[in-house]
Structures are given as C-alpha cells and as structure tokens.
Amino acid sequence: MLKVLIACAWLLGLAYGAMAHATSVVFLNPGTSTETFWVSYAQFMQAAAKDLGLDLRVRYSERNADNTLAQARETLQGSERPDYLVLVNEQYVAPQILRMAQGSGVKLLMVNNALTADQVQLLDAHKDAQWIGSLVADDEHAGYLMLIDLLHQHGPIAAGESLDLLAFSGAKNTPAAQLREQGLHRALAEHPEVRLRQLVYGEWNRQRAFEQATQLFKRYPHTALVWSANDEMALGAMQALQSSGRMPGRDILFGAINSSPDILNARLEGRLSTLVAGHFTLGGWAMVLINDDAKGVDIGAYGGRDRQQALFQLIDSTQAQRLLGPTPPVDFRALSAAGKPASYRYPFSLQLLLR
C-alpha cells in the first residue's frame, strides 16, 4: 500500500510539474523603458502572454545595441535559457544574435525589423531548425499612406504650384525606417507637385527632431507638409513650429506614425492632420505564433514563416478616442491555427482592438 501511495504521489508530482511549466519567452526590447511606443508594445505582449499561459520576460536595451547583444548572449548562453527568444533587427543586430543562438536550443522569432536583403544573402537563417520565422508590418505602405493622406488633407493644388515637404526618418540602419522612406519616395514619384526639401534622421527622438526642425523651418520658410516616421519626432517638430509662433495643423500639416497618448491627442486637437498606426500589436501577435509552435502547430503552413501583416491604417478622430481608452480584451487563444483548415490565415489586425 505504501508503495502504491508513493507511486501515486510521484505521478501526481510529474503531472503537476508538467502543468506548472509554462513555455518561457524572452523579448529583447530595443527601446527604452520609458519610451511610450515600446512600453505599450511590451504591455500588449504581456496581455497576450497572460491569456495564452506563456511566461514572458521583457528586457530593454535602452536604445543601445551593445546592451541588446549582451542581453542576447546572457539569454542564449546562460544557465536558464528560455524556450523562445523574440528579437528586433534594430541597428542590424540580428546576424550576431543568430550566430550566438546556434546550438543553444532556444527558438527564435524576429519582429518589426526582419533581415535585410543583404543579410539574407549572407545568412541561411532557416537552415537552423531553431529559427521559426519573422513577423513584420507593412512599413513601406505606412510611409506611402502618410504622404497621400497629407495631400488629401491639404486639398487641391493650383496648376503650376508646388508644396514644400520636410521629412523626419528614424535610425538610418533600421529596416523599418528604410521601408517607410521607400513608401515616401513612391508617393513622391506619383506627386511631382510635392518638393522634398530635406530628409533628416531624427533617430526616433523628440528632442533631436525639435533641434533639427528649429533650423529646417528657418531654412525652408515655405514648408507646407511634414512627414514623420514616428510620433516622437512629429511632436518635436510641432514643438519647434509652435516656438516660432506658428500653429501645427494650420500653418503646416503634420503626419506621423504610432499611437501614443500625446500623438492621439494631437490628432484629436487638429494639430496632427494624418496619423497612421497599428504595428504596436506585432508583439502580441508574435505570442500567438509562439504558442502555436510550442503546441506543435506548423505555423509556416498558415501563411509562411516570414510574414508581413497589413497592420497599418489611418486613424481618424473616433478611432483615436477609442485608442486613448482602455485596451479592449482580445481573445488571443481564439486566433490559434490549431484545428483550423489549411486555408486559415491568422487574422492579425488593429480592428481586433477597435471593435
């Protein structure tokens, strides 16, 4: 009888241990721990992880690539390795992390910034079975959409006239910034009446963009439009215009990407004419893919291993107000491909939060 009880206790212990072990994930967040976009991004990830029963740990690099690499080394080569590592190819750090991961037993998923074409030629990422893929947004379309809508907000331009445009891009060695620039140039090719006077790299930073814009508005006094690859740079440029005694939304039309409270309020108040958002959800959707992979689902069969989601959309006043409120609950488990037909595609969209 005693042996039976011991055996039962042992089996119960095994069952409990299996139940207690949640799939563990580390996210190497390239932003700062006070940066609105990356904090809200991580919060959406945590909400998804909680709903899916994943154990998620977020590590911030504080915008320092060396910190990212050190955190990756500790995660991949330390004694307590996670099941999955989520990374961003910000400042081109991905190749070094991929090399570190070889033989670690940790599976990798890349978000937001995937490998560049040159990096793909140098690396055969999918040769390693630990590399499960990438998930990015349609950044090129976001850059294009912003300028097209700015022109729509401006209204007709008389024949023979032109509009002066200033552009604030992010970090030069970041794929997302490059793709948004490509979208800008595609829109410019369709609208020769718009003259791009100068494009500068604001490094995603409000203060840097404020300083740049202060000089640029003096250099180009007839500026009519400002295109900004994120919210922080747009806010800095708007501050510079206000410091010169002019009014954003009246004297110059501004466009931006992201959905921080400050930029949503600027959209509601009319200081911002065009807002494009949606990609802050990428990390949450990545948790769905990881959860499916951990359960043995072949995620590549439902849209490929490297996927680009059409997440960016224009945000009107009603949607801006909704995004300022509490984030509505999302049933992340319902998005799983488990048990779905071969035709199923993950329905990742900002609309899941705007219903």
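Trainee: Let's start with the rings. How many aromatic pairs does the structure hold?

Mentor: The predicted model holds 13 aromatic pairs. One of them joins Phe27 and Trp38, with 6.4 Å from centre to centre and 40° between the planes, and it is tilted.

Trainee: Where do Phe27 and Trp38 lie?

Mentor: Phe27 is in strand S1 (residues 24–29) and Trp38 is in helix H2 (residues 36–52), so their pair ties together parts 11 residues apart in sequence.

Trainee: And are Phe27 and Trp38 buried or exposed?

Mentor: Phe27 and Trp38 are buried.

Trainee: What about Tyr346 and Phe348, why is that pair stacked?

Mentor: Planes under 30 degrees apart count as stacked. The planes of Tyr346 and Phe348 are at 20°, with the ring centres 5.2 Å apart, so this pair is stacked. Tyr346 is buried at a relative accessible area of 5%, and Phe348 is buried at 4%.

Trainee: Which residues do ring pairs link into a cluster?

Mentor: The cluster consists of Phe44, Phe280, Trp285, Tyr302, Phe332, Tyr344, Tyr346 and Phe348.

Trainee: Now charges over rings. What sits over the ring of Phe217?

Mentor: The charged end of Arg246 does, at 5.8 Å from the ring centre of Phe217. Tyr344, one of the cluster residues, has Lys340 over its face, 4.8 Å from the ring centre.

Trainee: Change of topic, the largest pocket. What volume does it have?

Mentor: Its volume is about 440 Å³. The lining is made up of 24 residues, and the closest to the pocket centre are Ser40, Phe280, Leu323, Gly325 and Thr327. Phe280 also belongs to the ring cluster.

Trainee: Which elements give two or more residues to the lining?

Mentor: Those are H2, helix H10 (261–269), helix H12 (317–324) and helix H13 (351–354). H2 gives the most, with 7 residues. H2 is also the helix that holds Trp38.

Trainee: How many nonpolar, polar and charged residues are in the lining?

Mentor: The lining of the largest pocket has 15 nonpolar residues, 7 polar ones and 2 charged ones.

Trainee: Salt bridges next. What does the count come to?

Mentor: The count is 13 salt bridges. In one of them Asp293 pairs with Lys107, and the closest N and O atoms are 2.9 Å apart.

Trainee: Which parts does the pair of Asp293 and Lys107 tie together?

Mentor: Asp293 belongs to helix H11 (residues 282–294) and Lys107 to strand S4 (residues 107–111), so the bridge ties together parts that are 186 residues apart in sequence. Asp293 counts as buried at 14% relative accessibility, whereas Lys107 is partly exposed at 24%.

Trainee: What does Arg180 meet in a salt bridge?

Mentor: Arg180 meets Asp139, at 2.8 Å from N to O. Arg180 is in helix H7 (residues 175–190) and Asp139 in helix H6 (residues 139–154), so this bridge ties together parts 41 residues apart in sequence. Both of these residues, Arg180 and Asp139, are buried.

Trainee: And Glu269, is that one buried or exposed?

Mentor: Glu269 is exposed, at 54% relative accessibility. The side chain of Glu269 forms a salt bridge with that of Arg271, again given from N to O, at 2.8 Å.

Trainee: Last one. Which residues are linked in a network of salt bridges?

Mentor: Glu35, Arg63 and Glu90 are linked in such a network.

How values were computed: Residues are numbered from 1 along each chain as its sequence is written. This is a predicted model: local features need pLDDT of at least 70, side-chain atom pairs count only at pLDDT 80 or more; totals for chains, interfaces and linings use all residues. Side-chain values use heavy atoms; hydrogens and water are left out. Rings of Phe, Tyr and Trp (its six-membered ring) pair if their centres lie within 6.5 Å; planes under 30 degrees apart count as stacked, over 60 as edge-to-face and the rest as tilted. Helices (H or I, at least four residues) and strands (E, at least two) are DSSP runs, numbered from the N terminus. Buried means under 20% relative accessible area, exposed over 50%, partly exposed in between (1.4 Å probe, protein chains only). A charge sits over a ring if NZ of Lys or CZ of Arg is within 6 Å of the ring centre and within 35 degrees of the ring normal. On a 1 Å grid over the protein atoms alone, a cavity is a set of points where a 1.4 Å probe fits but cannot get out, and a pocket is an open set with protein on both sides within 12 Å along at least five of seven lines; lining residues have an atom within 4 Å of a point. Grid points are joined across faces, edges and corners, and a volume is the space filled by probe spheres set on the points. Ala, Val, Leu, Ile, Met, Phe, Trp, Tyr, Cys and Pro count as nonpolar, Asp, Glu, Lys and Arg as charged, and the others, Gly among them, as polar. A salt bridge is a side-chain nitrogen of Lys or Arg within 4 Å of a carboxyl oxygen of Asp or Glu.
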